[in-house]
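Reader: Can we go through this one together? I'd like to begin with the charged side chains.

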Amino acid sequence: MIAILVVIVMMLFGLLHSVLAGRGSKNLMRDVFGDRLYEGFYRLGYNAFAVLLLLPVGAILVLNPGATLW
């Protein structure tokens with residue numbers, strides 16, 4: 001059950017990563033926030049968002065490690 005949850009969360013992270021890394025979303029952010037704010041904070045915001053999305057996966061793996069595979 002936990003393994004399925006980890007796989008689902010990682011797939012959602014990959015999908016979100018692909019969408020946010022695309023040219024369309026970058027252009028949308030540039031239009032909404034302007035060039036100066038986009039250039040100053042886009043990478044910082046993206047990295048913070050990525051860490052927040054991966055924290056639950058790390059917590060699941062640390063709190064419920066399961067069987068050793070090696």
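Author: Fine. This is a predicted model. Arg30 forms a salt bridge with Glu39, with the closest N and O atoms 2.9 Å apart.

Reader: How many salt bridges does the structure hold?

Author: Two. In the other, Arg30 pairs with Asp35, and the closest N and O atoms there are 3.5 Å apart.

Reader: Is Glu39 buried or exposed?

Author: Glu39 has 55% relative accessibility, so it counts as exposed, the cut-off being over 50%.

Reader: And where do Arg30 and Asp35 fall?

Author: Arg30 is at 26% relative accessibility and counts as partly exposed. Asp35 is at 49%, which also makes it partly exposed, because that class lies between 20% and 50%.

Reader: Switching to the fold. What does the secondary structure come to?

Author: Three helices and zero strands. The order from the N terminus is α-α-α. The radius of gyration is 16 Å, well over the 11 Å that the globule rule gives for 70 residues, so the protein is more spread out than a compact globule.

Reader: What does the C-alpha trace span along its principal axes?

Author: About 50 × 20 × 20 Å.

Reader: Tell me about H3. Which residues does it cover, and what is its reach?

Author: H3 takes in residues 35-63, which is 29 residues. From its first C-alpha to its last it reaches 42 Å, close to the 42 Å expected at 1.5 Å a residue.

Reader: Where does H3 bend?

Author: At Phe41, by about 50°.

Reader: Which residues of H3 are buried?

Author: Tyr38, Tyr42, Tyr46, Ala50, Val57 and Ile60.

Reader: What covers them?

Author: The cover includes helix H1, residues 2-21, and helix H2, residues 23-33.

Reader: Back to the whole protein. What share of the residues is buried?

Author: Buried residues make up 13% of the 70.

Reader: And the accessible surface, what does that come to?

Author: About 5,700 Å², and 74% of that belongs to carbon and sulfur atoms.

Reader: Last one, back to the charges. Why can side chains like these pair at all?

Author: Side chains of opposite charge can pair when their charged atoms come close.

Note on methods
Residues are numbered from 1 along each chain as its sequence is written. This is a predicted model: local features need pLDDT of at least 70, side-chain atom pairs count only at pLDDT 80 or more; totals for chains, interfaces and linings use all residues. Side-chain values use heavy atoms; hydrogens and water are left out. Helices (H or I, at least four residues) and strands (E, at least two) are DSSP runs, numbered from the N terminus. The expected span of a helix is 1.5 Å times one less than its number of residues. The bend at a residue is the angle between axes fitted to the seven residues ending there and the seven starting there. Buried means under 20% relative accessible area, exposed over 50%, partly exposed in between (1.4 Å probe, protein chains only). Contact means heavy atoms within 4.5 Å. The radius of gyration is taken over C-alpha atoms; the globule rule is 2.2 Å times the number of residues to the power 0.38. Accessible areas come from the Shrake-Rupley method with a 1.4 Å probe; for residues, only the protein chains shown count as cover. A salt bridge is a side-chain nitrogen of Lys or Arg within 4 Å of a carboxyl oxygen of Asp or Glu.
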